[in-house]
Amino acid sequence: MATWLIKSEPDVYSYDDLVREKRTDWTDVTNPAAQKHMRSIAKGDEVLYYHTGKERRIAGLGKVVKSAYPDPNKPQTLASGEPKFVLFDVAPVKKATKPCTLADVKADERFEDFSLVRESRLSVMPVPAKLDKILRQMAGL
């Protein structure tokens, strides 16, 4: 089981929206690097749900309930024949009980090579196992 960090503007789709709806498909990601990561997401993986914008914090934990699948609204394919755009479905697990902000992460030298710090615009990224435990503790998950 892998852990991923996924980002959303809270005024577009917040963790509370996910809790209310109980499940959603993760759409509107077009960045090629983020899409590459999304192709690797599998049912049972977990996601740290990160609010961007003014909040810049981990808002909660989710679970992937459907592995990556082709986006029916964007049927393009890559030269390899793989779908260019994929989605996955996620459900809420637990709301963060402590603030774990981007400033907190940047201030901790253990995260200096983490994609959240180095590639801040990337909307889907893997979370290395050694950092996963730390982030969960920081966010009260």
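A charge counts as sitting over a ring if NZ of Lys or CZ of Arg is within 6 Å of the ring centre and within 35 degrees of the ring normal. With that in hand, select Lys-66 and Tyr-69: Lys-66 lies over the face of Tyr-69, 4.1 Å from the ring centre. Then pick Lys-74 and Phe-85, where the charged end of the lysine sits over the ring at 5.3 Å from its centre.

A word on what you have open. This is a predicted model, in which local features need pLDDT of at least 70 and side-chain atom pairs count only at pLDDT 80 or more, while totals for chains, interfaces and linings use all residues. Residues are numbered from 1 along each chain as its sequence is written, and side-chain values use heavy atoms, with hydrogens and water left out.

**Stop one: the aromatic rings**

Rings of Phe, Tyr and Trp (its six-membered ring) pair if their centres lie within 6.5 Å; planes under 30 degrees apart count as stacked, over 60 as edge-to-face and the rest as tilted. The structure holds four such aromatic pairs. Helices (H or I, at least four residues) and strands (E, at least two) are DSSP runs, numbered from the N terminus.

Because Trp-26 lies in the loop between β2 (24-25) and α2 and Tyr-49 in strand β3, the pair ties together parts that are 23 residues apart in sequence.

Show Phe-88 to complete the view: ring pairs link Tyr-15, Trp-26, Tyr-49 and Phe-88 into a cluster.

**Stop two: helix α2**

Select residues 32-39, helix α2, where Ala-34, Gln-35 and Met-38 are buried. Looking down the axis, you will find the buried residues within an arc of 100° (taken from the directions from the helix axis to the C-beta atoms), so they line one face of the helix. They pack against β4 (57-70), β5 (86-95) and β6 (124-126), contact meaning heavy atoms within 4.5 Å. At the N-terminal end, Asn-31 caps the helix, with a side-chain oxygen 2.8 Å from the backbone nitrogen of Ala-33.

**Stop three: the strands**

Go to β1 (residues 3-8): six of its six residues are buried. Thr-3, Leu-5 and Lys-7 point one way, and Trp-4, Ile-6 and Ser-8 the other.

What does β1 pair with? Two strands pair if DSSP finds at least two bridges between them. β1 runs parallel to β3, joined by six bridges, with Leu-5 opposite Leu-48. β1 also pairs with β6 in the antiparallel sense over three bridges, where Ile-6 has Val-124 as its bridge partner.

Last, select β4 and β5: eight bridges join them, antiparallel, and Lys-63 stands opposite Ala-91 in β5.

How values were computed. Buried means under 20% relative accessible area, exposed over 50%, partly exposed in between (1.4 Å probe, protein chains only). A polar contact is a pair of N or O atoms within 3.5 Å; within protein, one must be able to donate a hydrogen and the other to accept it, and residues adjacent in sequence count only if both atoms are side-chain atoms.
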